Amino acid sequence: MSIFDYNGGGIVAMKGKNCIAIGADRRLGQQMKTVSTNFKKIFRMQDNILLGLGGLATDIETFSAEMEYKLNLYNLRENRKLKPTAFVSLVSSTLYEHRWGPYFVSPIVVGLQDGTPVISTYDSIGCTTDTENFAVAGTAGELLYGLCETYYREDIPAEELVEIIGQILLAGCDRDALAGWGGVVYLLTTDNLHIRELKTKQT
């Protein structure tokens, strides 16, 4: 088993019309053993940027704290908010800094820049993939990807996007023994951030 799969989990993100949504399950495991059913995998970096992290749980905690530290330092020095595209580069350079002892994480950055949705994924040393429509991570990633291809279409309205991400997350995690135990969906619009909790099969 890969170290990326040790704790399990699934994350999915998708673009909509002037909005973007990201969802993740809540399970923290040690291979097949469930340790916690309320583990956070999506982090609010600032009002228009969210960071989803799959992979090794200890590195998820460490990497999210480091990114929050760097973002706060930027805000203090520059006295302005970081753009999502700049945050994409910041995550990439941070991962590359640790290339000799990499973080075992699979980041998904989502954000809204001037009303335009931004999604970016990475490998463990910071190589960026700017996906056009949707992104997945975690042990349930392959299952989630097929569902994303089925559900995605251009300019999905915000209310429908939440439902679609919820359905994808529930269906994908039901088929993965290392993911599940509830989920959470974040919907980022030009006006606000909406959070919806999901109940799943408790196994």
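What follows is a short tour, from the whole fold down to a few residues.

Keep in mind that this is a predicted model. The protein is built from four helices and 12 strands.

**Overall shape and packing**

- Taken along the principal axes, the C-alpha atoms fill a box of roughly 45 × 40 × 25 Å.
- Of the 203 residues, 53% count as buried.
- If you look at contacts between residues at least 6 apart in sequence, 62% of them join residues at least 24 apart.
- The protein exposes about 9,900 Å², and carbon and sulfur atoms supply 49% of that area.

**Aromatic rings**

- The structure holds four aromatic pairs.
- One of them joins phenylalanine 63 and tyrosine 103: the ring centres are 5.1 Å apart and the planes meet at 65 degrees, so this pair counts as edge-to-face, the cut-off being over 60 degrees.
- That pair ties together distant parts of the chain, 40 residues apart: phenylalanine 63 belongs to helix α1 (residues 57–78), while tyrosine 103 is in the loop between α2 (84–97) and β7 (105–113).
- Both partners are tucked away: phenylalanine 63 counts as buried at 0% relative accessibility, and tyrosine 103 counts as buried at 9%.
- Elsewhere, Phe134, Tyr145 and Tyr152 come together as one aromatic cluster.

**A charge over a ring**

- Have a look at arginine 99, too: its charged end sits over the ring of tyrosine 96, 4.1 Å from the ring centre.

- Where does methionine 32 sit? You'll find methionine 32 in the loop between β3 (28–30) and β4 (33–36).
- Is methionine 32 buried or exposed? Its relative accessibility is 59%, and exposed means over 50%, so methionine 32 counts as exposed.
- Leaving aside residues up to four places away in sequence, methionine 32 touches Arg27, Ala177 and Leu178.
- Asparagine 7 is 25 residues away from methionine 32 along the chain, and the C-alpha atoms of the two are separated by 8.6 Å.

Key. Residues numbered from 1 in each chain as written. Predicted model: local features only at pLDDT ≥ 70, side-chain atom pairs only at ≥ 80, totals over all residues. Heavy atoms only, no water. Helix = DSSP H or I, 4+ residues; strand = E, 2+ residues; numbered from the N terminus. Buried < 20%, exposed > 50% of the residue type's maximum accessible area, 1.4 Å probe, protein only. Contact = heavy atoms within 4.5 Å. Phe/Tyr/Trp six-rings, centres within 6.5 Å; stacked < 30°, edge-to-face > 60°. Lys NZ or Arg CZ within 6 Å of the ring centre and 35° of its normal. Areas by Shrake-Rupley, 256 points an atom, 1.4 Å probe, with all protein chains shown as cover.
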